[in-house]
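Q: Could you walk me through a few spots in this structure? I'd like to begin with the aromatic side chains.

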Amino acid sequence: HHHHHHHHHQSAPTSLPNWRHFTAAGSSAAITSAIYNPLDCLRVRWQIHPSPTSVTILQFGQTIVKQEGLVQGLWKPGITANMLGMGIATAFRFGYYETLRNALLTDNIYVGADTTINTAYTTSYSNATTSTNPNKEAWHMIVAGFVCGGSAYLITTPLQLVKTKMQAGSIPTKTNFIRGIIGIAQQNGTIASLWRGSVPLSARGALFTAGQMYGYDGFKTWQKSRGYQDGPALHALSSLSSSFWASFVSAPADYVTARYITAGESTSLWKCMRDIYVREGGVF
């Protein structure tokens, strides 16, 4: 059952995110990344696979499992880096999304987080549950999601880079991710090389988060305005809407990221995008 706190009217949105938001969002993202790592790994391997047209992605996956085993071939590669990278990025995205969204609103209502554990996650996802603020417009959600997502992914680029390289097999799976990060820096002789792919990656993060937040927050606000009962059913529906928008909006950036990170160091981002466009014919 939700325990709603009273609304606190504050002239300035100095409300810093609740540490519960960080831990709830971060840990659930880390666990999810661990569970979905095989799919993530399959996607990366598929995206850099020379000509994936002859086989379906399922057949491709089955071949890997037959030849290398599920754990060795798909589950283990990059799992630690994935958990850490996604955990930190998500904690940031969710932690600061509300703060930023509320700062963009004219009358800043900060709603205290629910203290009950079962609603902590939903609350960290979107305060549309407790906030009855009619002024939450689409652009607030989109801008807040875009900025939070972009910066969160920018910070965690090195982790994502190592994860992708490990999944693509350009770093042996046996190395731990810290070794991997140091290795990339040494190999290229500069710390900056750890941020290779930060542009398309941050773009993916920004688009993904904007889509995710708008999909969740927007859908929920819209349904509630139509008199739909707030509860687990609405949360589930909103999450579906959120996943759809997040994946749909970020698909092009996602594809470019995988290709670019695993391409040779000499390839420029622009050339990589042009190649994809020419070869595959189109953005999606």
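This is a predicted model: local features need pLDDT of at least 70, side-chain atom pairs count only at pLDDT 80 or more; totals for chains, interfaces and linings use all residues.

Q: Which residue does Phe 248 form an aromatic pair with?

A: Phe 248 pairs with Trp 245 in an edge-to-face arrangement, with 6.2 Å centre to centre and 85° between the planes. The two residues are 3 apart in helix H10, so about one helical turn separates them.

Q: And is Trp 245 buried, exposed or partly exposed?

A: Trp 245 is partly exposed, with a relative accessible area of 37%.

Q: How many aromatic pairs does a search of the whole structure find?

A: The search finds 8 aromatic pairs, and Phe 22, Phe 92 and Tyr 96 form one aromatic cluster.

Q: Switching to helix packing, at what angle do H1 and H4 pack?

A: Helix H1, residues 19-48, packs against helix H4, residues 79-104, at an angle of about 140°, and their axes are 7 Å apart. That angle makes H1 oblique to H4, and the crossing is right-handed.

Q: Which residues meet there?

A: On the H1 side they include Phe 22, Ala 25, Gly 26 and Asp 40, while those in H4 include Met 83, Phe 92, Tyr 96 and Glu 98. By class, the contact of H1 with H4 has 12 nonpolar, 8 polar and 2 charged residues.

Q: Back to H10 for a moment: where does Ser 243 lie, and what is its relative accessible area?

A: Ser 243 lies in helix H10, residues 232-262, and is partly exposed at 41% relative accessible area. Its C-alpha atom is separated by 7.4 Å from that of Gly 215, which is 28 residues away along the chain.

Technical notes:
Residues are numbered from 1 along each chain as its sequence is written. Side-chain values use heavy atoms; hydrogens and water are left out. Axes are lines fitted to C-alpha atoms, for helices over the stretch in contact, and angles run from 0 to 180 degrees between N-to-C directions. Helices (H or I, at least four residues) and strands (E, at least two) are DSSP runs, numbered from the N terminus. Angles under 35 degrees count as roughly parallel, over 145 as roughly antiparallel, 65 to 115 as roughly perpendicular and the rest as oblique. A crossing is left-handed if the near helix is turned anticlockwise from the far one by less than a right angle, and right-handed if clockwise. Contact means heavy atoms within 4.5 Å. Ala, Val, Leu, Ile, Met, Phe, Trp, Tyr, Cys and Pro count as nonpolar, Asp, Glu, Lys and Arg as charged, and the others, Gly among them, as polar. Buried means under 20% relative accessible area, exposed over 50%, partly exposed in between (1.4 Å probe, protein chains only). Rings of Phe, Tyr and Trp (its six-membered ring) pair if their centres lie within 6.5 Å; planes under 30 degrees apart count as stacked, over 60 as edge-to-face and the rest as tilted.
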